[in-house]
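Please keep the structure in view while reading.

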Amino acid sequence: MATATQLFTCALLFSCTLFHVARPELIITLVNNCPFTIYPAIQPNAGHPVLEKGGFPLQTLTHRSFRAPDQLWSGRIWGRTGCAHSNGKFHCVTGDCNNRIECNGLGGATPATLAQITIHHGHKDFSSYGVSLVDGFNLPMTVTPHEGKGVCPVVGCRANLLATCPEKLQFRSLGRHGHVVGCKSGCEALGTDELCCRNHYNSPRTCRASTFSEFFKHACPATFTYAHDSPSLMHECSSPRELKVIFCH
């Protein structure tokens, strides 16, 4: 006859099995289709663990896949460019995280294209995802869910905005005389409360699109381009098996 301890153990294993059925394994894959090496970075939101030490090199035409946490997790992913060691110090021209290869939870320097992700939430094991140009642009990027249920579109910005970036927003590698390596937001370029949606402008009613955010929106309509842009740009896909973030898609 089974003891109470054995019955409890069986019940626990059964409940754990049910939990894993409800939360299928989710893989996050980062793909570098750019013709140069990039250094992807991953920053968790407060209270969530750092994934893959927060950053790593990714050579051209390669990818890296890893298992996502089995519970609620949210954070952002971006690509760092122009990375090199110089005088004993590591530095990236865009997206740099305090001169580290492994960002370990640190944010990155702007301008940078961001993927925003929240996984394992809601009653249908939703993964929410979107691409933001609120902090500017440095690389084309898309997010693609695989094998999910519901409406699971590919979203992001495929255009290379470095070639068309307005002069006021251009971020150059060597001051005024270098190549354009990023396209700044209006907020970063001019710093006004209105463009940064600060103070009086920090609400959906007063924070509005600008001529600068409209430049990004016209090129990449499926991205967030200012702080209080439409929440409908964040998509919810139920139980995808993989979220693929593709740079230079």
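## Helix α4 and its cover

In this predicted model, the cover over the buried residues of α4 includes β12 (180–183), α2 (186–190) and α3 (193–196). Those buried residues are F212, S213, F215, F216 and K217. In general, an α-helix has 3.6 residues a turn, so residues three or four places apart point the same way.

H228 sits in the loop between α4 (211–219) and β13 (235–238). Is this residue buried, exposed or something in between? H228 has a relative accessible area of 29%.

Leaving aside residues up to four places away in sequence, H228 touches N202, S203, P204 and C207. With N202 there is a polar contact of 3.2 Å between the side chains. P204 is 24 residues from H228 in sequence, and their C-alpha atoms are 5.4 Å apart.

## The five-stranded sheet

An open sheet contains 5 strands in the order β3-β1-β14-β9-β10, and its pairing is mixed. The edges are β3 (62–67) and β10 (155–157); each has a single partner strand, so one side of each has no neighbour in the sheet. From one strand to the next, the twist averages 15°.

Strand β9 (residues 141–146) runs antiparallel to β10, and 3 bridges join the two. Within this pairing, M141 of β9 stands opposite C157 in β10.

## Disulfides

A disulfide is a covalent bond between the sulfur atoms of two cysteines.

C157, the residue opposite M141, forms a disulfide with C220, with an S to S distance of 1.9 Å. C157 is in strand β10 and C220 in the loop between α4 and β13, so the bond ties together parts 63 residues apart in sequence. Both cysteines are buried.

C34 and C248 form another disulfide, with their sulfur atoms 1.9 Å apart. C34 lies in the loop between β1 (27–32) and β2 (39–44), while C248 is in the segment after β14 (242–247), 214 residues away. The torsion about their S-S bond is about 85°, so this disulfide is right-handed. C34 is buried, at 0% relative accessibility, whereas C248 is partly exposed, at 21%.

In the disulfide of C165 and C183, the sulfur atoms are 2.1 Å apart. C165 is in the loop between β10 and β11 (170–172), and C183 is in strand β12, 18 residues apart. Both C165 and C183 are buried.

Key: Residues numbered from 1 in each chain as written. Predicted model: local features only at pLDDT ≥ 70, side-chain atom pairs only at ≥ 80, totals over all residues. Heavy atoms only, no water. Helix = DSSP H or I, 4+ residues; strand = E, 2+ residues; numbered from the N terminus. Buried < 20%, exposed > 50% of the residue type's maximum accessible area, 1.4 Å probe, protein only. Contact = heavy atoms within 4.5 Å. Polar contact = N/O pair within 3.5 Å; in protein donor to acceptor, adjacent residues only side chain to side chain. Pairing = 2+ DSSP bridges. Axes fitted to C-alpha atoms, helices over the stretch in contact; angles between N-to-C directions. Disulfide = S-S within 2.5 Å.
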